[in-house]
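Work through the exercises below with the structure at hand, and try each task before reading its solution.

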Amino acid sequence: MSEEELQLHFTYEEKSPGTYSSDSEDLLEELLCCLMQLITDIPLLDITYEISVEAVSTMVVFLSCQLFHKEVLRQSISHKYLMRGRCLPYTSKLVKTLLYNFIRQEKPPPPGAHVLPQQSDGGGLLYGLASGVATGLWTVFTLGGVGSKAAATPELSSPLANQSLLLLLVLANLTDAADTPNPYRQAIMSFKNTQDSSPFPSSIPHAFQINFNSLYTALCEQQTSDQATLLLYTLLHQNSNVRTYMLARTDMENLVLPILEILYHVEERNSHHVYMALIILLILTEDDGFNRSIHEVILKNITWYSERVLTEISLGSLLILVVIRTIQYNMTRTRDKYLHTNCLAALANMSAQFRSLHQYAAQRIISLFSLLSKKHNKVLEQATQSLRGSLSSNDVPLPDYAQDLNVIEEVIRMMLEIINSCLTNSLHHNPNLVYALLYKRDLFEQFRTHPSFQDIMQNIDLVITFFSSRLLQAGAELSVERVLEIIKQGAVALPKDRLKKFPELKFKYVEEEQPEEFFIPYVWSLVYNSAVGLYWNPQDIQLFTMDSD
């Protein structure tokens with residue numbers, strides 16, 4: 001039913017006998033307010049766990065009118081009540097409670113501790129029903145793009161934490177009213193660490209404090225789910241206090257490794273989860289301190305990386321390997337330009353700070369360039385043949401090879417800029433990259449005179465020539481160790497002023513215009529997937545369909 005019809009169920013009319021006049025009262029606002037009070041004011045105990053889950057779920061249901069509209073809702077009755085009036089004073093308290101529910105990951109109480117009848121498989125009174133019928137996101141929402149599968153829904157150890165996180169994401173992504181910005185988003189953008197004693201500016205409404213250490217730990221542990229990755233993205237992108245705190249952590253590997261694992265298993269993830277993970281990396285690589293520190297963190301035995309045994313590697317080199325693998329997967333499968341751009345932007349941001357690159361990471365950088373070079377030559381050959389064919393047959397339309405060539409040349413240019421940035425800023429720190437460059441020097445020959453790459457090739461050409469001559473002087477039959485030794489000595493001897501300076505490579509993530517067109521369907525698909533068949537009939541869903549992109 002429509003929201004207007006729903007509101008009638010909560011409209012109370014008292015009619016006096018013998019009169020035609022009546023006073024009507026809208027109880028919907030009061031109910032929403034009571035739900036907020038239930039969530040925020042009742043302490044979480046065994047006997048209150050069920051009612052807390054149901055209160056959170058009921059609020060999600062009241063906001064779910066969005067599911068029955070193809071377009072993003074700019075206004076609704078529930079939105080109006082939540083953004084002003086009696087509910088407004090509970091804004092910061094509600095956001096804080098939902099975050100703490102996510103942080104604590106409280107499991108359902110043991111059987112026997114329940115006031116309400118308990119489903120045998122745990123979870124809330126109604127929530128237990130959902131787990132029995134939950135199916136993959138892909139039965140309803142085809143995300144397109146990177147992966148071809150939905151991630152398997154993980155066993156929910158804490159229904160309250162999961163529902164609280166979903167409600168938080170729904171609230172954060174409500175559209176602003178014409179005269180009022182979304183207060184829940186304001187609260188998410190401005191909360192501070194409990195250890196921060198500085199006063200809140202009076203201009204910031206709905207501000208509160210939360211324990212950042214606990215939040216960081218929970219985010220690190222929960223990255224297997226889309227919704228936890230989306231929360232991490234939201235906080236990094238919108239809350240400068242959280243971003244500053246995270247970038248100052250000395251254990252960033254706890255956060256970065258789960259993100260890299262999402263990208264590594266790109267085939268098993270839906271495209272939105274992969275994009276979120278990639279944008280998180282892009283936001284992190286905007287910070288020079290992060291780019292330096294990741295090369296100082298040494299990791300042992302990365303078990304999920306199966307292409308090669310990595311007994312010891314820096315976090316920075318592993319990040320490069322995973323991003324390059326994502327680019328190569330994208331080149332052969334999905335050919336998504338957006339994915340390419342973000343991957344290359346993250347590598348470019350890091351390039352000036354590359355330090356002690358692992359030999360395998362250095363090889364993969366040059367291998368990716370080799371792959372692009374072959375692709376360039378293939379498209380060039382196809383374009384030439386097509387042009388010859390068109391001269392003999394005027395009727396056949398030409399395929400647009402010029403556009404393909406343009407895209408590949410853009411990516412090749414970017415890769416050359418990344419290699420150049422590393423050589424000009426940290427040549428002496430990266431003998432393995434110089435070694436890989438010399439080993440595959442023939443690859444760069446064809447681009448030396450190419451008008452699109454001549455300028456950027458100057459430095460690469462100079463480095464190849466300089467080190468090649470030193471290796472020639474050293475004689476033939478040199479061992480790998482001896483070659484690396486000559487490279488290290490040469491790096492000290494190479495005059496830095498001979499390398500041409502280019503502008504620093506820096507890319508900043510900018511959210512697209514009207515981001516709600518992307519985020520609102522995404523958030524509701526996650527909600528739907530967590531309770532499929534419980535609250536909503538699939539046939540009635542309008543927001544996303546089987547062939548939705």
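**Exercise 1.** State how many salt bridges this predicted model contains, and name the residues that are linked in a network of them.

*Solution.* The rule to apply asks for a side-chain nitrogen of Lys or Arg within 4 Å of a carboxyl oxygen of Asp or Glu. By this rule the count for the model comes to 16 salt bridges. The residues joined in a network of salt bridges are Arg 74, Glu 516 and Glu 517.

**Exercise 2.** Decide whether Asp 41 and Lys 93 form a salt bridge, and find which helices they belong to.

*Solution.* First, the N to O distance between the side chains of Asp 41 and Lys 93 is 2.8 Å, and the two meet in a salt bridge. Next, Asp 41 lies in helix H2 (residues 28-41) and Lys 93 in helix H5 (residues 91-104), so that the pair, 52 residues apart, links distant parts of the chain. Finally, Asp 41 is partly exposed at 40% relative accessibility, and Lys 93 is also partly exposed, with a relative accessible area of 42%.

**Exercise 3.** Classify Asp 251 and Arg 249 as buried or exposed.

*Solution.* The side chains of these residues, Asp 251 and Arg 249, meet in a salt bridge with an N to O distance of 2.9 Å. Buried means under 20% relative accessible area. Asp 251 has a relative accessible area of 18% and is therefore buried, and Arg 249, with a value of 18%, is buried as well.

Key. Residues numbered from 1 in each chain as written. Predicted model: local features only at pLDDT ≥ 70, side-chain atom pairs only at ≥ 80, totals over all residues. Heavy atoms only, no water. Helix = DSSP H or I, 4+ residues; strand = E, 2+ residues; numbered from the N terminus. Buried < 20%, exposed > 50% of the residue type's maximum accessible area, 1.4 Å probe, protein only.
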